[in-house]
Structure formats: C-alpha cells, structure tokens
Amino acid sequence: MVDPTPDAAPPVLELQHLRKTFRVGFWAKKVPAVRDVSLALQAGESLGYLGPNGSGKTTSIKCLLGLVVPTGGHARLFGRPASDPHARARVGYLPESPYFYDYLTPTEVLDYVGKLYGLAAADRSRRTRELLGVVGLDEAARRPLRGFSKGMLQRVGIAQSLVADPQLLIWDEPLSGLDPMGRKEVRDLMVELRRQGKSLFFSSHVLGDIEALCDAVCILDRGVAVAQGHLSELLRPDALESEAVLGMSAQTEAAMLALRALPEATVTLTPTGVRVVLPTAAVAALCRAVADLGLDLRELSARRDSLEELFLRKAVARGPEAAA
Ligand SMILES: Nc1ncnc2c1ncn2[C@@H]1O[C@H](COP(=O)(O)OP(=O)(O)OP(=O)(O)O)[C@@H](O)[C@H]1O
Ligand SMILES: [Mg+2]
C-alpha cells in the first residue's frame, strides 16, 4: 500500500503529507483537521480508512475529490492532481451524508448523474434499472426522495456513485444508516466490486466490516496517520497469544504452581476452573503440564489480534471538541 516502487504504475489514489487547517469564526481561529497523512492505494486493492469522530477522514476524502483545497501536501488520483476533471471522472463518490433534491425520484437522480457522465439515453435507462435492483430500491424507483429514510437515501447515494462504472470508489461511511440486511447487501456489493477489479477506498466505524473487506487500513488520530499497512502485517499472527480453559482439577496447589511457572502465563480462577493466557510459543509447554498433571483441558484457542484491539491501541478516542 505505502511506498510504491518508482517504476510501478501510479497508485489509483495517493495522499502525500496532506494538511488541512480550517479557519473558523470572526477571529479566523485555526482548526487543524488533517495534520499529516500519506497513503497510497494500488489498483484492485481496498483500503479502509478509520479514525475516531473528528479525526479528519471526511476532510481528507474531500481533498481527494477536489472539494476542499489542502493547506499543504498533495492529493492525487491516477497520478494526476485531485482537481483534474479527467481523473475525477473515473471515481465514484459517496458523500458522508448524501443529499439530493427531495422532489426527485431515484430514477431521476440516476438518470441525471448518467447525463453528467455523458451516457446515452438507452444506457442510462438500463444502468438505472440495474443499479436500483442492486441497491434494493426497485419498488421505490418512482417515489420522491422526500419520504425516504436515511438508509434508503444511503442506497441512492451508493447507486449514483456506480452509474458511470468507475474504476475507483471513494465511499465515506457506506455502511452508516443501513439496517442489518442492507449492511450485508452493501458488504456483498463491495466484495463483488473487488471481484470486478475495482479499487475501493472507504471510511467506516464498523471495524468488523473493515477487517472483512479490506486488504489494508489506515488509522487516523487527530489528523495524523498513526498506523497503516496490510492487515496481514498489522495484525501480526506471530505475536499472538493463546488461551486455555482447564477444569476444576487445575485448581489444586500443585497445578496452580505449575501453570503459573509457564512462560509469561496469566492464570486466573473462574467459577468452573482455570483460564490461562500465554504466548502461542508456550502452548507446547502448557500441553506437557496438562499431561504430566492429568489436568482436564476443555478449550484451547489462538487469541487473534483484532482490528478493534489495534484501533484502540493506536487511536485514543476523544470527542470532536478535543480534536479541534
Ligand atoms: N468546513 C469546516 N470548517 C471548519 N472545521 C471543519 C470543517 N470541516 C471539518 N472541520 C473540522 O475538522 C475536523 C475533522 O473533521 P472530519 O469531518 O474530517 O472528521 P471525520 O474523521 O470525518 O469524523 P466523523 O467520524 O465524525 O465523520 C473536526 O474538528 C471538524 O470540526
Ligand atoms: Mg466523516
């Protein structure tokens, strides 16, 4: 994801030491929204953008779309400046809170977006029908958006980002506002888009979804990228711990002594036995102790480092005011 080799094709999306400071109020007080973010997304990959509220995700996404002018650094799409309309034309964008004129119907919105991209009438009509089916809005296709729920508007937002069959999707919180069924449908859609070779850059607070859908992540905290890379590198399997649950027989004095003597073991009593957490490398020693002492081993599992643990370690959650 980061530091592409110089000869490789340019990343589909790139931020280099991006900075954005807003000036607000009469005294033009400085609000540093993005302080230093560098990242790159290669074609066909998917990158999850995470961070507490107010950490600068939406601001940097807007810089990528040329909607906000950076204070420093660079934002590029397909190797061109983010402001270049040719680069922008290859991107499907879902804003954080999609807003449409509420007297329009989903069919009219998608047709209008198709016109903006220069699609012929027959293609627009086919694409509109197809996409309304993909996002589950066939039945509401001709109802004005005025009466739409947040999740239904989100579905229109997703559909309009796909009208021109873009190479790169930049989605700001695609899973927000959706019911469980809708979330599953959008997750499946993202898997399908990946299968088609599209590149995905999306922000989300749903860490489980990011973990399931992304090759790589970038975690922001107060405008700074505090961790980034492929999940396989960040969630290091070699640093994992294992957890064993033993029956009551492990509560004897001799057994407790033997278990506590295992390398870096944390031994705790439970109502029904003993729980041992220790480095995976020490599992063989644990199994020997279990055999020697004739203990009742009920469960043995690897404790995988989760994205949630990484996120909590790297990004200290604070309120939006604190970030300002
Ligand atoms: N137009 C603006 N004018 C002034 N300050 C702004 C503006 N847009 C964003 N900010 C400030 O920039 C900071 C980052 O906001 P941003 O919306 O980028 O965060 P975020 O990571 O997308 O948060 P969330 O997870 O809540 O969507 C916040 O302190 C916010 O108040
Ligand atoms: Mg945001």
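Predicted model: local features only at pLDDT ≥ 70, side-chain atom pairs only at ≥ 80, totals over all residues.
Local features need pLDDT of at least 70 and side-chain atom pairs count only at pLDDT 80 or more, while totals for chains, interfaces and linings use all residues. Residues are numbered from 1 along each chain as its sequence is written, and chains are lettered from A and ligands numbered from 1 in the order in which they are written.

**View 1. Helix 3 against helix 4.** On the helix 3 side, look for Pro 106, Thr 107, Leu 110, Asp 111, Gly 114 and Lys 115; helix 4 brings Arg 124, Arg 127, Thr 128, Leu 131 and Leu 132 (contact: C-beta atoms, placed from the backbone, within 7 Å).

**View 2. Helix 3 against helix 5.** Helix 5 is residues 150–162, and its axis comes within 9 Å of that of helix 3, crossing at roughly 25°. That makes the two helices roughly parallel. Here Pro 106, Val 109, Leu 110 and Val 113 of helix 3 meet Val 156, Ala 159 and Gln 160 of helix 5.

View 3. Six of the six residues of strand 9 (residues 216–221) are buried, so the strand is largely enclosed by the rest of the structure (buried: 20 or more other C-beta atoms within 10 Å of a residue's own; exposed: 12 or fewer; partly exposed: in between; C-beta atoms placed from the backbone). Ala 216, Cys 218 and Leu 220 point one way, and Val 217, Ile 219 and Asp 221 the other. In a regular strand the side chains alternate between the two faces of the sheet.

**View 4. The neighbours of strand 9.** Strand 3 (residues 46–50) pairs with strand 9 in the parallel sense over four bridges (pairing takes at least two DSSP bridges), with Leu 47 partnered by Ala 216. Strand 10 (residues 224–230) pairs with strand 9 in the antiparallel sense over six bridges, and Val 217 has Gly 229 as its bridge partner there. Two residues lie between the strands of this hairpin, where Arg 222 takes a positive phi near 50°.

Definitions and conventions:
Contact = placed C-beta atoms within 7 Å. Axes fitted to C-alpha atoms, helices over the stretch in contact; angles between N-to-C directions. Parallel < 35°, antiparallel > 145°, perpendicular 65-115°, else oblique.
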